[in-house]
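Student: Could we go through this structure together? I would like to start with the charged contacts.

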Amino acid sequence: MDAAGSDASPDPAPPAPPSTPTNGAEMLPRRRFFSRLSTAVSAAAAVIVGVPFIGFLVAPLVRRVPREWRAVGPVDRFAVGETVSVTFQDASPLPWSGVTARTAAWLRRTEDGGFTAFSVNCTHLGCPVQWIADARLFLCPCHGGVYNADGTVAAGPPPRPLGEYPVRVRSGRVEILTSPIPFA
Amino acid sequence: MSRLLAWLDDRTGLVTWTRHALEHPVPPRTGWWYVFGSATLIAFLLQVVTGIALATAYVPASGQAYESLRFISEQALMGRFLRGMHYFGASAMMLLIGIHVARTYLMAAYKYPRELNWLSGAVLLLLTIALAFTGQLLRWDQTAVWSVIVAAAQAGKVPVIGTDLARFVLAGDTVGGATLSRFFAFHVFFIPALVFLLIGLHLLLVLRHGISERPRLGQPVEEATYRARYDAMLRSEGVPFWPDAAWRDAVFGAAVVAVIAILAVIVGPPELGRPPDPSILQAYPRPDWYFLWYFAVLALTPTSLETFIIVVAPLVFGAILLLVPLSNTGERSVRRRPWAPLLVIAIVTVIVSFWIAGAQAKWSPDFAATPLPAEVVHDTSAAVVEGARLFHSKGCEFCHQIAGHGGERGPDLSNVASRLTSQGIALQITNGGPNMPAYARSLTPDEVQALVAFLSTRK
Ligand code: FES
């Protein structure tokens, strides 16, 4: 676009260029052709630049990240009934992600021997909820949302229960399936 | 020297143009009300200069930005000062553009023929807000990470395309390596380029239509007569912009720069919080002061209105901004437009009260609350002491105060027994309310008994 713009601008076109015959009845179509040609090639150039620009910016919308099972520790490290935060890596972190590739979940070993992994993201606006063990509640620091131990909303602004990650046990290790942050 | 200038003018025309721009006649007695636009521009230029300096050392990568900021703040020569300037420069720009918009609106300077001055300014206002938001995120600490997530969550509330928008904000499924770089690109290239373009247009329009004269009662703007009247006024009493009016812009602008520099030295840049690690859950994200009022809006909005406030209200605000110059003729004086100051006062009052609410953030549980000391409990019977212990351990104290200890989300319970009977207290604890969990499930009857025993002593 820029190139086309600066090509067009430098010379202010005199009303009647000397090279133009004054009786240019048949020159008019030629002039119209040039003007259409210039507009068309400029538009084409703009598209050549614009498509990759926009495509690159919206790429995250189409790029589907694979979901991975991530081990968060041996089964017997988790006491039955307790809820603790566990940390794991995102699915396919970029080499320069550093600590931002880390994610946490609230993991509980349930009475029946299974595991539940709650998302740490408040369903109101995504802030990190904290588990208050004695009160058996999740509390959100941002706007005071409260969740029961089972993730259902107990009070405050959150519209939905806490999200959950799929969890499984493989060869004595607890594994969590990486998932997108659950936005409604 | 003058031959060089003449040569330059012959080849570029710039000298004549600049002289013309500087000496063009402006209305007399414009006064100090007219300095805020140029001061906003000066604040923006300051941002450009300090921003370029910071960008030479900042690493716009999710994993390294934090360390590079540490380096800038703690080791780089003048780094702390530059960060401070950039922060207070941003604050100044937000404040000044706000005042400039209010001034323009109050004096109805948007009326014929300056409608596009207003519109280009409105877009500049939105771009400034975008710069402030993206800039705050580049201070890539824990708060920044959670601010991105909160922003994505808000985008997620948009019907139909919400999830895609949220992914666009995060540049992926979660915060990660791709998140920061695009905010950096928007903050330092894309938005500033648009700002430069629009400032150019804005200034061109100011030169084309002239600075608006002070409104006069009983002199309505009419398309047929305004220009002739304005030109006649300039011919009879106009003064050259430079230096008759420009000196105020220079003095005020220099004062703005001086204040920013002083604050940068004395107060310094905002502290870097914890590292941008989303797995550190002890976080208390809150935005910089200029967005604190919106943080309060989000906290205080009832759930039923949420989508409206988050999605529709900004659109309505934008639409109103764009529609203002529709009333482009008629009286400019505030005395004939009494709603104008009322509207400005209303907006300022609403923002300031939300701002105060945001600064106090009473809706946030006080995670730092410590067990009530014995002298506050002052009853030594076993049930009461146990109740006081539970009051802390069960989380009541995060939201309720007793004798100044605890959070402020719920009512102060210092004198609860003078409002509620023991039965009422028990009911409230077990059943909860819209902002209080029902404790029936998480407390044994004995524990409820003990809590009631304790709270019944608070008369
Ligand atoms: S983000 Fe949790 S209550 Fe608002």
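**Salt bridges and surface**

Tutor: Over all chains, the count comes to 14 salt bridges, a salt bridge being a side-chain nitrogen of Lys or Arg within 4 Å of a carboxyl oxygen of Asp or Glu. This is a predicted model, in which local features need pLDDT of at least 70 and side-chain atom pairs count only at pLDDT 80 or more. Residues are numbered from 1 along each chain, and chains are lettered from A in the order in which they are written.

Student: Which residue forms a salt bridge with Asp150(A)?

Tutor: Arg441(B) does, and the closest N and O atoms are 3.5 Å apart. The pair crosses between chains: Arg441(B) is in the loop between helix H19 and helix H20 of chain B, and Asp150(A) is in the loop between strand E7 and strand E8 of chain A. Helices (H or I, at least four residues) and strands (E, at least two) are DSSP runs, numbered from the N terminus.

Student: Is Arg441(B) buried or exposed?

Tutor: Arg441(B) counts as exposed, because its relative accessibility is 62%. Asp150(A), at 39%, counts as partly exposed. Buried means under 20% relative accessible area, exposed over 50%, and partly exposed in between, with a 1.4 Å probe and protein chains only.

Student: What about Arg29(B) and Glu237(B)?

Tutor: Their side chains meet in a salt bridge at 3.3 Å, N to O. Arg29(B) lies in the loop between strand E1 and helix H3 of chain B and Glu237(B) in helix H10 of chain B, so the pair ties together parts that are 208 residues apart in sequence.

Student: Changing topic, which residues make the nonpolar surface patch?

Tutor: Phe53(A), Ile54(A), Val58(A), Phe189(B), Phe190(B), Leu194(B) and Leu197(B) make a patch of about 680 Å². Patch residues have over 30% relative accessible area and no salt bridge; like charges are joined within 9 Å, and nonpolar side chains (Val, Leu, Ile, Met, Phe, Trp, Tyr) within 5 Å. Areas come from the Shrake-Rupley method with a 1.4 Å probe, and for residues only the protein chains shown count as cover.

Student: Which helix gives the most to the nonpolar patch?

Tutor: H9(B) does, with four residues. Leu194(B) is found in that helix and is partly exposed, with a relative accessible area of 31%.

Student: And how many helices and strands has chain A?

Tutor: Chain A has two helices and eleven strands. Of its 184 residues, 41% count as buried.

Technical notes: Heavy atoms only, no water.
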